[in-house]
Amino acid sequence: MFEAAALAVILAAALTLVRALKGPGVYDRILAVNVMGTKTVALLALIGFVYERPHFLDIAITYALINFIATIAFLRYRERGDLRI
Amino acid sequence: MKVRPSSNPVTETVSALLIPFMQLYALYLVAHGDLGPGGGFQGGAIFAASLILRAIVFGLDAEEERRYESLGGSLAAAGVLLYGGIGLLCMARGGSFLEYPALPFADPKTAYHLGIYGIETGVGLAVAGAMLLLFMKIAGSRDD
């Protein structure tokens with residue numbers, strides 16, 4: 001069951017990658033990258049269940065935290081034109 | 001002195017909720033590194049990321065910027081000092097560099113564990129400090 005769910009998440013990530021490559025706008029791409037990160041978190045958790053290694057949840061949490069910061073930083077860059085704080 | 005970046009209640013609320021959790025999680029990663037994934041590098045990186053998130057979302061005034069830079073330099077230097085200090089202490093007590101059982105503890109096993117914890121803490125401090133310093137040099141408004 002977890003294998004099927006992981007495959008579905010991979011399929012969704014592939015579709016997201018298409019959106020990230022095609023655009024057309026920059027916000028489509030930012031959102032696509034953000035969704036990709038969320039898919040990665042779900043996939044890491046599922047892989048942890050498939051291989052019965054609960055430590056993967058730690059990696060998933062780490063990835064979720066870093067992903068959020070990258071999106072915020074990129075949107076701030078879009079809004080202001082530079083990263084000066 | 002500096003005007004605050006355009007504030008957004010969503011990012012500010014989420015960041016305010018997330019930053020303490022991230023810092024606690026960074027400490028967990030450093031302390032738990034020998035049993036699971038993680039360790040000094042990852043813990044230090046996440047700790048610095050939490051401070052960087054705070055700077056991006058809430059902005060820094062001149063005083064905070066100065067404090068961030070000095071904190072980064074101090075953390076990086078303290079981490080290297082801790083790492084090298086433990087290594088050299090092992091040498092001073094007759095072992096080779098980073099030979100933990102030579103540390104002054106009663107039980108070699110205890111010495112081994114505490115030695116690794118010390119090393120991991122040193123790596124975490126150094127990574128957090130270096131990341132913070134790099135971010136301030138790139139994104140800070142001071143020119144020196």
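1. A residue is called buried here if 20 or more other C-beta atoms lie within 10 Å of its own, exposed if 12 or fewer do, and partly exposed in between, with the C-beta atoms placed from the backbone. A nonpolar core is then a set of buried Ala, Val, Leu, Ile, Met, Phe, Trp, Tyr and Cys residues joined through C-beta atoms within 7 Å. This is a predicted model, in which local features need pLDDT of at least 70 and side-chain atom pairs count only at pLDDT 80 or more, while totals for chains, interfaces and linings use all residues. Residues are numbered from 1 along each chain as its sequence is written, and chains are lettered from A, with ligands numbered from 1, in the order in which they are written.

2. The largest nonpolar core has 35 residues, and those that touch the most other members are B:A26, B:I46, B:A48, B:A49, B:I52, B:A128 and B:L132. At least two residues of this core come from each of α3 of chain A and, in chain B, α1 (9–31), α2 (40–58), α3 (62–92) and α4 (108–139), where helices are DSSP runs (H or I, at least four residues) numbered from the N terminus. The helix that gives the most to this core is α4(B), with 11 residues. A second, separate core of 7 residues includes A:L43, A:L44, A:F56 and A:I59. In soluble globular proteins, nonpolar side chains tend to be buried together.

3. Apart from its neighbours within four places in sequence, B:I46 is in contact with A:T62 and A:L65 as well as with B:M22, B:Y25, B:A26 and B:L29, contact meaning that the C-beta atoms, placed from the backbone, lie within 7 Å. Of the 19 residues of α2(B), 15 are buried, and the helix is thus described as mostly covered. At 1.5 Å a residue, α2(B) should span 27 Å, and its end C-alpha atoms are 27 Å apart, which agrees; the expected span is 1.5 Å times one less than the number of residues. Just after α2(B), B:G59 takes a positive phi of about 75°.

4. In chain A, helix α2 (residues 26–50) and helix α3 (residues 56–80) pack at an angle of about 175° with their axes 8 Å apart, and are therefore roughly antiparallel to each other, a label given to angles over 145 degrees. By class, their contact has 14 nonpolar, 6 polar and 1 charged residues, with Ala, Val, Leu, Ile, Met, Phe, Trp, Tyr, Cys and Pro counted as nonpolar, Asp, Glu, Lys and Arg as charged, and the others, Gly among them, as polar.

5. The buried residues of α2(A) are A:L43, A:L44, A:A45 and A:L46, and what covers them includes α1 (2–22) and α3 of chain A. The 25 residues of α2(A) should span 36 Å at 1.5 Å a residue, and its end C-alpha atoms are 35 Å apart, which agrees.

6. With 8 C-beta neighbours inside 10 Å, A:E52 counts as exposed.

7. B:Y117 lies in helix α4 of chain B and counts as partly exposed, with 16 C-beta neighbours inside 10 Å. Although B:Y117 and B:G39 are 78 residues apart in sequence, they are 9.3 Å apart in space, C-alpha to C-alpha.

Conventions
Axes fitted to C-alpha atoms, helices over the stretch in contact; angles between N-to-C directions. Parallel < 35°, antiparallel > 145°, perpendicular 65-115°, else oblique. Contact = placed C-beta atoms within 7 Å.
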